[in-house]
Amino acid sequence: MSWSNIGHGLRGIALHTGRSELFTEVVATHREAVALSSAEDFLHVHVLMCLGEALLSLAEFRSDSEAMGEGIKVLRAAVAASDEDTYDGASCRTALGEALRNLSRLASDPLPLEESIRWHREALVMTPGPPAATGLLGLANSLAALYRYTRDERHSAEAIHHFRAALTASPPATAEVRAGALTSLGHIQWSVARNTGDEPLMDTAVETLRTAVSQASRTRVSMALTNLGSALMDRSRRTGNRSWMAEAVTVLRRAVHDSLPSAMDRPLHLNNLAEALRHWDAFIGDASATDEAIGLLRAAMTGGHGDVVGAELAAINLGDLLLDRARANEDPHMADEARRILEGAVGRLGKEHPTRPFALQKLTLACHLVSRLAEGTSVETSRQALHRAAATARESLACTPEGDPDYATSQLMLAAAQLDRAALGDRVDLAEVVRLGRSCARNPAGHSASRLQASRAWGLASMKAGDHAEALEGYAYGVGLLPGIAPRGLGRADQEARLSGSDGMASDAAALALEAGDADRALALLEQGRGVLLGQGLENRADVSRLRDLDPARAAEFERIRDELSAPPPLSRAHDAAQDASLLAETRHALALRWDDLIAEVRELPSLENFLRPPSVPELLAAAAEGPVVVVNVSLYRCDALVVTADAGIAVVPLPGLTLDATVTRAAEFVNGMETAYGGNGVDEAVAMMRTLSGTLGWLWDTIAAPVLGHLGLDAGPAGGAPWPRLWWCPTGWLSFLPLHAAGRGAADSGTWVMDRAVSSYTPTLRALVRARAGLLTAAPAAPPAPLVVALADTPGAAPLPGVAREAELLSELFPGARLMAGPDATVEAVGGLLDAHPWVHFSCHGVSELLDPSQSGLVLYDGRLTVSDVATRRPRNPELAMLSACSASQGGIELSDEAVQLASSFQLAGYPHVIGTLWPIADKLATHLTEAFYTALAEDIARGRPLDPAAALHRPVRALRDRYAQAPHLWAAHIHTGP
C-alpha cells in the first residue's frame with residue numbers, strides 16, 4: 001500500500017505543478033504496487049484502479065496512446081474483480097467510464113460513450129448514501145460528450161442536472177472536482193444556448209466559465225480557459241462585438257501558454273487561438289494575426305498529439321483561412337489550395353461525425369470561390385465548381401439538425417450556389433431556392449448576417465422565377481431585419497460592420513413596391529431600411545415630457561439607459577484590458593436588451609402606444625411642409641423619384657434614363673477624380689477630368705433633374721422679386737456622392753440648371769428633416785449670435801490653410817461675441833466642451849473623409865480628430881447652425897452609402913437643424929470667399945429682423961461661383977445645405 005500512496009502523492013504533485021515528466025514515475029510506482037498485490041488483497045482493486053488512473057494521466061498529459069489502451073485494460077480488470085461490496089468497486093467503474101470518454105475524444109468516435117455512461121450509472125447505483133460528486137461529474141461529462149454527437153436535448157438536460165448536483169453534493173466536492181464541474185457545466189450551457197439562441201443562458205454560461213477559470217488547477221486551467229475563450233469568440237461572431245473577440249484572443253493565448261506542451265488537448269488550444277486571431281484580423285485589419293494563426297494551425301495539424309478533434313478542426317480552419325486570403329487577393333491558385341485542404345478534411349470525417357457539416361460548409365465556400373475566380377478563364381471549370389458547391393451545401397444541410405443555427409447557414413449556401421448556377425444558364429429549381437431563402441431569413445436561430453443575405457436571395461430568386469410579389473416580400477423582410485442587426489449595445493464601428501451588407505436592400509424593396517403600385521409602402525421601406533444608425537440617434541433625442549408626467553421612474557430609466565448607450569464604449573486595439581472591455585460589452589448588451597423591454601412597457605401607457613415607432617407615411621409627409629422633397633431611388637430593378645408634397649402626397653416620377661451601374665460609375669469618377677481635377681496629374685488630365693465632371697452634371701440633369709423639375713412645374717427661375725422655390729433632395733445609395741443641386745448643362749445663363757430654378761437642400765431621410773424642422777427657430781434671432789469659431793490655419797502634420805485667418809477675422813467682425821479657438825487651444829476635448837454653450841459653430845480646418853471607415857471621418861483639430869462618432873454623441877443646449885468649412889464634411893462611406901455616416905448628419909444628430917458641408921475637397925481661397933458671402937447674408941437677415949435662411953445664404957455665392965467657373969464643377973459645386 002505504501003507504493004500506492006507514494007504514487008498517489010506524486011500524481012498529486014504532477015497535477016498541481018504541471019510537471020508532466022513525473023507521470024512516468026507515477027506509473028512506475030503504481031506498477032510496483034500492483035506487482036506486490038494479489039487478487040486476495042483487500043485493496044487489490046484499489047491498487048489496480050490507481051495504476052489505471054496513472055496510465056490515463058500519462059496518456060492525457062504526455063499524449064501516450066499506448067498508455068490509454070493499457071489504462072483501460074487495467075481498469076476493466078479492476079471492474080471485473082469487484083462488486084458493490086468491494087473497496088473502491090464504484091470508484092473503479094467511475095474511472096473506467098472516464099477512460100472511455102477520453103478514448104472517444106482521442107479517436108473522435110462516439111461509440112465508447114455509450115459504454116462509458118453505463119459504467120458511470122452503475123457506479124452511482126453502487127455508491128452507498130448520497131451520490132459522490134466525482135461520480136456525478138463523470139456521468140455528466142460523458143452525457144455532455146454524447147450531446148455533441150446527438151444534439152439530443154435529453155442528454156444535455158441530464159448532464160446539466162448532474163453537473164449542478166456535483167456542485168452541491170454532500171460531502172462537498174474537492175476543489176479539483178468543483179473546478180472541473182464548473183468548466184464542463186459552462187461549456188454545455190454555452191452549447192445549448194448557442195443551439196437555441198437563449199441569451200440569458202449565454203450570460204449564465206460565460207459567468208460560469210469565468211468562475212471555473214478562477215478555481216481551476218494548474219493542469220486543468222487550460223481547458224477552462226479554452227472553453228471560456230471559445231464562448232467569447234462565438235458570442236463575438238454572433239453579435240459583431242469586437243470587445244468579446246479581443247478578450248477571446250487574450251484568454252485563448254493564455255490557454256496555449258498554460259497548457260502542457262505534450263498534453264493530448266494541445267491541438268485544440270492551438271486551433272482555438274488561431275481562430276480567434278483570424279477573426280481579430282477581420283475586425284481590425286491586423287495581417288500579422290492571420291500569419292500567426294497559420295503557424296498555430298499547422299502546428300496543431302502536425303504536432304503528433306493524441307487529440308484528433310483539435311487536429312481535425314485545425315485542418316478545416318486552415319483551409320478556411322487560406323480561403324479568406326484567396327478571396328481578398330483574388331488568387332485562384334490559393335483558392336484551389338484551400339479547396340484541396342478542405343476536400344481532404346471532409347474525406348477524413350465519417351458520415352455521422354459532428355464536425356462534418358461544418359467542414360462541408362467551408363468546402364462549399366471554397367468551391368464557390370473557385371467558381372467565381374474561374375469565370376473569366378473557364379466557364380466549364382466555374383460550372384463544375386458550382387455544381388460541387390451545391391452538392392456539398394446540400395449534404396451539409398442534410399446532416400445538420402433543423403434547430404441548429406448552422407442549418408440556416410447551409411440553406412443560404414445552397415441557395416447562393418443555385419442562384420449562381422442559374423446565372424450560368426444551368427437549370428435550377430428556383431422554387432426550392434425561394435423556399436431556402438425564405439426559411440433561412442425567417443429562422444430566429446440563424447446568424448443575423450446570414451438571415452439578411454437570405455432575404456436578398458429570396459427576393460432575387462423570386463425575380464428570376466417571375467414572381468415579383470414574392471420578391472417584394474423577400475426584400476421587405478430583409479429591410480425589417482435591419483434595425484435588429486445593429487443593436488444599440490454595439491460600439492459604432494461594430495454597428496457599421498454589421499450593416500455593411502445592407503446597401504441597396506431598401507432601394508430594391510422600394511422599387512418592387514413601386515412596381516406593385518404602392519408608393520406609400522415604397523417610401524416607408526426606404527425610411528425603415530436607410531439611415532438605421534441615424535434613426536437610433538434621432539430616437540435618442542425623443543421628447544420624454546409626456547412619459548415623465550405619466551411614469552417618472554420609467555422616464556428616468558429611459559434617460560439613464562439612453563445616455564449610457566449613447567456614450568461610445570472605449571475601444572482599444574491592444575489586448576491588455578481586454579477583460580474590462582469585454583465586461584463593459586456585457587453591460588451594454590444587457591442595457592440594450594432592457595431598452596427593448598422598456599420601450600415595450602412604455603407603449604402600454606396611455607397615449608404612448610407609438611413611442612419611438614417609425615413615423616407613419618402621413619407623418620413623413622410633414623417633411624414637405626415648406627416645399628417638395630424628392631427621394632431619388634436607384635435600384636437594379638427600376639429607378640424613380642418619389643416627389644413628396646404636403647398637398648398631393650407622394651407622386652412617382654419614373655426615371656428610365658437612370659441606372660444603378662451608371663450611378664456607381666459616375667459617383668466613382670467624382671470621388672476618385674477630384675485630385676486630378678485640381679491638377680494633381682497635370683494640366684491635360686485636369687482639363688479632361690473637368691469635362692468628365694461637367695458631363696456628369698449634364699447626365700444628372702437629363703436623367704433626374706429635368707423630369708423632376710418638369711413634374712413640379714419649375715420651368716424657370718422666380719420672376720421679379722418673387723421668393724425662390726425650395727427643394728429638398730434625398731438621394732439613395734451611391735447617388736448621395738453626386739451634386740444633384742448642381743445638375744445642369746449648357747452655359748451658365750442657359751436656364752437649364754437646378755440652381756437657376758430653386759434653392760436646393762439635402763436630407764438623409766424624411767424622418768431626419770421632420771426632426772430638424774421640429775428644432776427650428778422660426779422667428780428672427782433676438783440677439784446677434786456668439787458663434788464658436790474653431791480656426792486652425794496650421795495643424796501639426798497638415799498643410800497650411802492661409803484662408804483660415806480671414807474666415808476667423810470675418811466672423812469676429814460680423815459677430816463680436818464670437819469665441820475663437822485656434823492653435824494649441826483647439827483640442828478635441830476643449831472644442832467638444834464648448835459646443836454646449838454656442839448655438840452656432842464654425843469650423844475652419846482640415847477635414848478627413850474615411851470612405852471605408854466613415855465613423856472615423858472627422859475635423860482635424862490641433863491634437864486629433866473630432867470624429868463623426870464624437871459629434872453624434874454631443875448634446876448642445878440650443879443648437880442652430882454648424883458651418884463645416886472643411887473638406888468632404890458631407891461625404892459618407894462607400895460601403896454604407898445608405899447610412900449617411902458623415903459629419904453633416906452627425907451634427908444634425910447632435911441637434912443642429914442647419915448644417916453646411918462639402919461633398920469633396922475644396923480650394924482654400926474659394927472656400928474663404930464663399931464663407932464670407934454666406935455669413936454676410938446671414939448677418940443681413942439678422943440686421944433686418946428676418947428669420948435665418950442658411951439655404952438661401954449659401955445658394956447665392958454658390959450660384960455666383962457657378963457663373964464664373966461653370967466648366968469646373970470641382971471649384972463651385974461642393975458646398976451643400978442639409979436641413980430645413
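Q: Why does Cys 50 count as buried?
A: In this predicted model, Cys 50 has a relative accessibility of 6%. The term buried applies under 20%, so Cys 50 counts as buried.

Q: How many disulfides does the structure hold, and what places Cys 50 in none?
A: The structure holds zero disulfides. The cysteine sulfur nearest to Cys 50 is that of Cys 92, at 11 Å. A disulfide requires two cysteine sulfur atoms within 2.5 Å, and therefore Cys 50 is in no disulfide.

Q: Why is the sulfur of Cys 639 too far from the closest cysteine sulfur for a bond?
A: The closest cysteine sulfur belongs to Cys 730 and is 15 Å away. Because the cut-off is 2.5 Å, that separation is too far for a bond. Cys 639 also has a relative accessible area of 6% and is therefore buried.

Q: What makes helix 15 roughly antiparallel to helix 16?
A: The axes of helix 15 (residues 308-329) and helix 16 (residues 332-347) cross at roughly 165° and come within 8 Å. Angles over 145 degrees count as roughly antiparallel, so helix 15 is described in that way relative to helix 16. The crossing of the two is left-handed.

Q: Which residues make the contact of helix 15 with helix 16, and how do they divide?
A: Helix 15 contributes residues including Ala 315, Ile 316, Leu 318 and Gly 319, while those of helix 16 include Met 334, Ala 335, Glu 337 and Ala 338. The residues of this contact divide into 12 nonpolar, one polar and three charged.

Q: Why is helix 11 called roughly parallel to helix 13?
A: Helix 11 (residues 221-239) and helix 13 (residues 266-284) have axes that cross at roughly 30° and come within 10 Å. The term roughly parallel covers angles under 35 degrees, so helix 11 is roughly parallel to helix 13. Their crossing is left-handed. Among the residues that meet are Ser 222, Met 223 and Thr 226 in helix 11 and Leu 268, His 269 and Asn 272 in helix 13. By class, the contact holds five nonpolar, seven polar and two charged residues.

Q: How do you know whether Asn 271 is buried or exposed?
A: Asn 271, which lies in helix 13, has a relative accessible area of 2%. The limit for buried is under 20%, so Asn 271 is buried. Not counting residues up to four places away in sequence, Asn 271 touches Leu 297, Ala 300, Gly 310, Leu 313, Ala 314 and Asn 317.

Q: What makes Thr 183 count as buried?
A: Thr 183 lies in helix 9 (residues 175-196) and has a relative accessibility of 8%. That value meets the criterion of under 20%, so Thr 183 counts as buried. Leaving aside neighbours within four places in sequence, Thr 183 is in contact with Leu 209, Ala 212, Met 223, Ala 224 and Asn 227.

Q: What makes helix 24 mostly covered, and what covers its buried residues?
A: Of the 11 residues in helix 24 (residues 505-515), 10 are buried. The buried residues include Met 505, Ala 506, Ser 507 and Asp 508. Their covering includes helix 21 (448-464), helix 22 (468-485), helix 25 (519-529) and strand 1 (629-634). Just after helix 24, Gly 517 takes a positive phi of about 80°.

Key
Residues are numbered from 1 along each chain as its sequence is written. This is a predicted model: local features need pLDDT of at least 70, side-chain atom pairs count only at pLDDT 80 or more; totals for chains, interfaces and linings use all residues. Side-chain values use heavy atoms; hydrogens and water are left out. Buried means under 20% relative accessible area, exposed over 50%, partly exposed in between (1.4 Å probe, protein chains only). Axes are lines fitted to C-alpha atoms, for helices over the stretch in contact, and angles run from 0 to 180 degrees between N-to-C directions. Helices (H or I, at least four residues) and strands (E, at least two) are DSSP runs, numbered from the N terminus. Angles under 35 degrees count as roughly parallel, over 145 as roughly antiparallel, 65 to 115 as roughly perpendicular and the rest as oblique. A crossing is left-handed if the near helix is turned anticlockwise from the far one by less than a right angle, and right-handed if clockwise. Contact means heavy atoms within 4.5 Å. Ala, Val, Leu, Ile, Met, Phe, Trp, Tyr, Cys and Pro count as nonpolar, Asp, Glu, Lys and Arg as charged, and the others, Gly among them, as polar.
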